[in-house]
Structure formats: C-alpha cells, structure tokens
Amino acid sequence: MGLGAYTIWGLLPLFIRALQAMPVADILAHRVIWSLAVLLVLATAMKRWTAIRTAIATPRFLLALIASTLLIGSNWMIYVYSINSGQTLQASLGYFINPLVNVLLGVVFLRERLGRPETLAILLAAAGVAALAIHQGGVPLIPLGLAATFGLYGLVRKIVGLGPVEGLLIETGLLLPIALAWLLTMPNVLARPDAPALWLVLASGLVTTVPMLLFVGAAHRMRYSELGLLQYIGPTLQLLIAVAVFGEPLRPIHMLAFALIWAGLAVYVAVTWHRGRVTPTLPE
C-alpha cells in the first residue's frame with residue numbers, strides 16, 4: 001500500500017501539468033467532486049455506510065475529520081499551485097522533508113522514542129531547510145507548507161483510526177459545498193478551446209482517491225515514523241520530473257539543501273533498517 005501510494009504521488013506532477021490550463025481552484029474543486037463520486041461507489045460496494053453514519057454522529061470523530069479536511073484541502077491547494085507555477089522542485093523538497101516531520105510528530109504526539117541517530121537526521125534536514133531559507137531571504141513556504149499539512153493530516157487520521165474509505169468520503173463531503181459554490185460562481189473553464197480533455201478532469205477522482213486510500217491503509221498498519229522508509233520514493237520521482245521533463249533549473253542551493261536532507265534520510269533509513277534486523281518480529 002505504501003509503495004503504491006508514493007509511486008503514484010511521485011508521478012502526479014505529470015497529471016497535474018496536463019490540467020495546467022485550468023486555474024488552481026478549479027482543479028482542486030474537480031478533484032473533490034470526482035473523488036467523492038468514486039468514494040460513494042466504493043462505500044456502497046463495501047457496505048461502509050453504517051461506519052460513516054457512526055463517525056458523523058460521534059463528535060470527536062467529526063471534529064478530527066474537520067481538522068483533517070482543512071489540512072488535506074490546504075495540502076492539495078499548495079501542491080497544485082507549486083506544480084503549475086513551475087515550482088515542482090520546491091514541492092519535491094517539501095516531501096523530502098516530510099518523512100522527518102513524521103518522525104518528529106511521532107515523538108511529540110505518539111510518544112515514539114527518538115534516539116541520537118533520529119535526532120541527527122532531523123537536524124540535518126533542518127540545516128537543509130535553513131540553507132534554502134537563507135538563500136531565498138525568507139521562509140521556504142511551499143516545502144514547509146506541504147510537509148506540515150501532510151504530516152499533520154496523516155497524524156490526525158492515524159489517531160482517529162477511521163477506515164480510509166469512510167474518512168476520505170467524509171472529508172471530500174465536507175469540501176463538496178465549497179467546490180460546488182466555486183464552480184457555479186466562476187466562468188466554465190471547460191468550455192474554453194484550451195481546456196484539458198474531459199476524461200482527464202474526470203480521472204482526477206481516481207488519481208486523487210487511490211493513493212490517499214493506499215496511504216491511509218499503510219498508516220494504519222505501520223508505525224508512523226516507519227512511513228519515512230517509503231516516503232522518499234515520491235519526492236525522488238518528482239525531482240526527476242522537475243529537472244528532466246519540466247526543465248526546472250537545479251541550482252547549487254537546491255543541491256546543498258537536497259544533500260543535507262538526503263543525508264538525514266540516509267541516517268534515518270539506516271538506523272530503522274538495522275533496528276528491524278536486530279528486533280525479532282513476533283506473530284500477531
């Protein structure tokens with residue numbers, strides 16, 4: 001599940017760029033609407049409506065899902081903006097930071113232990129972000145925004161423990177009124193000669209829903225910090241696409257920031273792999 005989710009996300013810039021003729025808000029609105037359509041079919045086929053009604057009727061679940069809705073909506077908006085404004089490298093940097101943000105969130109909120117290697121990994125990533133901030137003369141908003149919103153989203157969903165179909169259906173349902181209001185009050189972009197093909201717009205539901213369901217499924221089955229072992233796949237693919245396909249320049253400051261973050265990831269992956277080798281796995 002984790003491997004599938006991060007591979008799809010790594011290739012997602014190619015799909016988002018195919019919708020570039022549409023404004024960012026329109027892309028986000030269509031993602032919400034067609035994702036909800038897919039989830040309605042899945043919830044009916046999998047007989048999840050009892051769990052969905054229970055979650056909506058339970059205040060703590062509903063409040064948590066409102067929070068996760070705001071987080072994932074913000075994450076989608078930042079991501080689509082970064083891709084279609086020619087800043088895929090910045091988005092890639094954000095998702096390279098994200099695994100180490102997961103480690104930090106796991107320590108702060110889930111009481112997962114943080115050893116010296118993990119501390120070193122986080123400090124190396126922080127140094128990479130600091131180098132980029134100094135070069136830009138300000139906080140790198142896109143990388144930090146993506147890392148923070150997605151890291152907190154995964155944390156909230158892990159704490160809630162609601163199934164992926166149920167949770168994502170409620171989240172997209174909460175976003176639906178905003179999406180519909182936007183599309184009904186704005187000019188119809190799909191009627192323009194340069195509009196993307198209709199099948200691409202409709203496919204945004206599957207492209208959005210499938211990796212989200214895979215991610216939430218993986219988060220329920222793994223220690224939250226261990227998601228970092230797989231999460232580097234997505235930003236690596238994004239980096240390659242940014243440079244080789246979109247032609248974004250890879251400047252020395254990017255190379256320095258990436259090098260520091262990769263060093264942090266290497267430390268974290270090495271210690272987690274070693275810990276898995278020496279710790280016996282007990283049958284469930």
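Me: How do α4 and α7 run, roughly parallel or antiparallel to each other?
Reply: First, a note on the source: this is a predicted model, where local features need pLDDT of at least 70 and side-chain atom pairs count only at pLDDT 80 or more, while totals for chains, interfaces and linings use all residues. Residues are numbered from 1 along each chain as its sequence is written, and side-chain values use heavy atoms, with hydrogens and water left out. Now the helices: the axes of α4 (residues 59–84) and α7 come within 9 Å and cross at roughly 155°. They are therefore roughly antiparallel to each other.

Me: What do "axes" and those angle words mean?
Reply: Axes are lines fitted to C-alpha atoms, for helices over the stretch in contact, and angles run from 0 to 180 degrees between N-to-C directions. Under 35 degrees is roughly parallel, over 145 roughly antiparallel, 65 to 115 roughly perpendicular, and the rest oblique. Helices are DSSP runs (H or I, at least four residues), numbered from the N terminus.

Me: And how is α7 placed against α9?
Reply: The axes of α7 and α9 (residues 198–221) come within 10 Å and cross at roughly 60°. That makes α7 oblique to α9.

Me: New topic: how many salt bridges are there?
Reply: A search of the whole structure finds three, a salt bridge being a side-chain nitrogen of Lys or Arg within 4 Å of a carboxyl oxygen of Asp or Glu. One of them joins Glu166 to Arg48, with the closest N and O atoms 3.2 Å apart. That pair links distant parts of the chain, 118 residues apart: Glu166 is in helix α8 (residues 164–185), and Arg48 is in the loop between α2 (24–45) and α3 (49–57).

Me: Is Glu166 buried or exposed?
Reply: Glu166 is buried, because its relative accessible area is 7%. Arg48, at 24%, counts as partly exposed. The cut-offs are under 20% for buried, over 50% for exposed and in between for partly exposed (1.4 Å probe, protein chains only).

Me: Which helix pair does the Glu171 bridge link?
Reply: Glu171 forms a salt bridge with Arg157. Glu171 sits in helix α8 and Arg157 in helix α7, 14 residues apart. Glu171 is buried, and so is Arg157.

Me: What about Asp194, who's its partner?
Reply: Asp194 pairs with Arg192, the closest N and O atoms being 3.2 Å apart. Asp194 is partly exposed at 45% relative accessibility, and Arg192 is partly exposed at 37%.

Notes. Helices (H or I, at least four residues) and strands (E, at least two) are DSSP runs, numbered from the N terminus.
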